[in-house]
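Here is a walk through one predicted model. Keep the coordinates open while you read.

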Protein chains: 2
Amino acid sequence: MRIDGVHHRSIAPTDDGEAVRIIDQTRLPHALVFGRLETLEESADAIASMRVRGAPLIGATAAYGLWLGLRADPSDGGLGSAYERLLATRPTAVNLRWALDAVRDVVSKVAPERRSETAFAEAGRICDEDVAMNRAIGEHGLALIRTAFEAAGGRRPVNILTHCNAGWLATVDFGTALAPIYLAHDAGIPIHVWVDETRPRNQGALTALELRWHGVPHTVVVDNAGGHLMQRGEVDLCIVGTDRTTAEGDVCNKIGTYLKAVAARDCGVPFYVALPHPTLDWSVADGREIPIEDRGPGEVVRVVGAEGSVGLYPEGTVASNPAFDVTPARLVTALITDRGVCSASRDGLLTLFPERGETAA
Amino acid sequence: MRIDGVHHRSIAPTDDGEAVRIIDQTRLPHALVFGRLETLEESADAIASMRVRGAPLIGATAAYGLWLGLRADPSDGGLGSAYERLLATRPTAVNLRWALDAVRDVVSKVAPERRSETAFAEAGRICDEDVAMNRAIGEHGLALIRTAFEAAGGRRPVNILTHCNAGWLATVDFGTALAPIYLAHDAGIPIHVWVDETRPRNQGALTALELRWHGVPHTVVVDNAGGHLMQRGEVDLCIVGTDRTTAEGDVCNKIGTYLKAVAARDCGVPFYVALPHPTLDWSVADGREIPIEDRGPGEVVRVVGAEGSVGLYPEGTVASNPAFDVTPARLVTALITDRGVCSASRDGLLTLFPERGETAA
């Protein structure tokens, strides 16, 4: 995507080929600061500290992290410990394990002296694949938005609510939930996006920033407001991303997603979830089995803004900070995947991923 | 209630009888600062700026505001303009109009030279009545909490989720939603309260402060977390306040209440609303007719903390800030009023307020 006319990916090798360039997302939306990852440890820290975040981008960063780890120690032991170090950074997004497995599978088959370059190539392939998948998600979601536009008579913008940031900053490029919005905007369909603030880390600011860069009209609201907007008919559809979706269509995503989904059902508003297929965890059926990261009270009791951070509570206030929740499949209107749109169910997913049915049989 | 062992009401005449003492709630929880209202205009400004807030406390402040207005101009014209000035401060809470009507009805029957002292006495009566009603709400709600404690086997704390602040800071004393919690705690029933942050103004910090002063265990969570907690069985019941409840039991309350109510229904968690009878608006049946205050984008795009305020978004970001929403009666398990507990319906309310049925007939 473009920032002030210049195309960027959220992650890429540096021009000298010696490191990885990221955008430090803890500095956004107030400052655009690029970071440079030169080691395994720097990569792991970037994920854990959320300088990079978003399930697909975490996967891509981990893939490059394995490259940096293997550059320092290409032995079987080095591969194993780098894999474990990166896997331990965050527990919920399944793309992390998916990307690590993809790189490990390829590099473990080659001799140690070729492992570094092999991992580098595989990480690049993962990034390119992410972009292609997101574009496909965008095309499939565009059709849904076009239908909503026509259903509303084609005379007013389509109002879309999104939660957290599932845009290009959460992926390598293009985004998942925002990809259909970008394509619809580019296709001339008038769009207005309700941007959930997304406490405690306010990733809604990233979404608002992306939409501003792309010229898509939008309005920021606190997380409390979405239900009221749906009740008043001011939301035509919701689109969110996901950190892990189960084989039966349960959707794990940023904390608060469930509240929007249950309100959408109550109000008759379609609730869509956009995901590339590496976000599917075929090993889990019931979303309640997904580990939910607890990020500690600090993000709740202090808030970071342009001028620094401020404390919201007196010293000693106890706070809890579960980072994700699970929206049961029954509340999801449809999944928008890179292979097409399907119901949030095992049967629905198998229409798009028939090879998974064969594996299980 | 007590702060460091000293009993306070949230509003009271000053010792010299010349003014009204308030707690400046815009400075809480970081500083305990008392304010002094000496004029009608200062009273109106205290309500509009939310130095005092909460439906019952707004009513009490408006009653004293009429006193201060009549002290300067006790004529019919002075009474009328003071009434209108105070009524225009905030649109949603019905207690404002109720208190203004109560004072006006009394003072309009006496000669101008006696109006000021009459208004002062009536404002005091309104405050005393508020405290008595809240104590009654507490007793009725205590029975519900005791039942929940026993239903859980009596071996662990009752987990109660509340939204916004409906404690003694929102009333003259005691609170509405928090009154049952205080009485249950004092009765030796172990309680743990999940405190919703309540963006954009973070009134959850007021609730946390009250609970700390009273020694009730509690945990602050962002507004996004409550649904997840309910899904995981970590909420036994919800209790919230209300700014206006209709004759058919629709509940207008702080923005985000509806999201918690619809999640509670989905999870099988009881959802109670505590209210003194002046919060009932018998003139409205459908909650969608209640005017919803729009407080402007400033509260959304900047956040105030102990060290000052910080900006969350780049200059020019568009934000919307509806301050209340309406929870339909069908999602409310019961209303806890000063006269007892009833279903959220016209029939339920008429069992407690039969005189309203006679009026309509």
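Start with handedness. In chain A, α6(A) crosses α7(A) in a right-handed sense. The contact draws on A:L178, A:I181, A:Y182, A:H185 and A:D186 from α6(A). From α7(A) come A:T207, A:E210, A:L211 and A:H214. Sorted by class, this contact holds four nonpolar, three polar and two charged residues.

Now the geometry of that pair. Helix α6 spans residues 178-186 of chain A, and helix α7 spans residues 204-214 of chain A. Their axes lie 11 Å apart, at an angle of about 20°. Angles under 35 degrees count as roughly parallel, and α6(A) and α7(A) are therefore roughly parallel to each other.

Helix α4 covers residues 95-107, and helix α5 covers residues 112-151. Their axes come within 9 Å and cross at roughly 140°. That angle makes α4(A) oblique to α5(A). The crossing of α4(A) and α5(A) is right-handed. On the α4(A) side, the contact residues are A:W98, A:A99, A:A102, A:V103, A:V106 and A:V107. They meet A:R115, A:T118, A:A119, A:E122, A:I126 and A:E129 of α5(A). By class, the contact of α4(A) with α5(A) has eight nonpolar, one polar and three charged residues.

Next, the backbone. Most residues other than glycine have a negative phi, and most peptide bonds are trans. A:F174 has a positive phi, near 85°, and is not a glycine. A:F174 lies in the loop between β6 (158-162) and α6 of chain A.

Chain B supplies two cis peptide bonds to inspect. One runs from B:L28 to B:P29, with omega near 5°. B:P29 belongs to the loop between β4 (20-23) and β5 (34-37) of chain B. Another joins B:R199 and B:P200, with omega about 10°. B:P200 is in the loop between β7 (191-196) and α7 (204-214) of chain B.

Finally, how do the chains meet? 64 residues of chain B are in contact with 64 residues of chain A. The area buried between chain B and chain A is about 4,800 Å². Carbon and sulfur atoms give 56% of that area. Within chain B, B:N224, B:L259 and B:Y313 lose the most area to chain A. Together these three account for 15% of what the chain B side buries. Charge pairing also spans the two chains: the count between chain B and chain A is six salt bridges. A:R302 and B:E307 join their side chains in a salt bridge, at 3.1 Å from N to O.

Notes
Residues are numbered from 1 along each chain as its sequence is written. Chains are lettered from A and ligands numbered from 1 in the order in which they are written. This is a predicted model: local features need pLDDT of at least 70, side-chain atom pairs count only at pLDDT 80 or more; totals for chains, interfaces and linings use all residues. Side-chain values use heavy atoms; hydrogens and water are left out. Axes are lines fitted to C-alpha atoms, for helices over the stretch in contact, and angles run from 0 to 180 degrees between N-to-C directions. Helices (H or I, at least four residues) and strands (E, at least two) are DSSP runs, numbered from the N terminus. Angles under 35 degrees count as roughly parallel, over 145 as roughly antiparallel, 65 to 115 as roughly perpendicular and the rest as oblique. A crossing is left-handed if the near helix is turned anticlockwise from the far one by less than a right angle, and right-handed if clockwise. Contact means heavy atoms within 4.5 Å. Ala, Val, Leu, Ile, Met, Phe, Trp, Tyr, Cys and Pro count as nonpolar, Asp, Glu, Lys and Arg as charged, and the others, Gly among them, as polar. Buried area is the accessible area (1.4 Å probe) that two parts lose on being put together, summed over both. A salt bridge is a side-chain nitrogen of Lys or Arg within 4 Å of a carboxyl oxygen of Asp or Glu.
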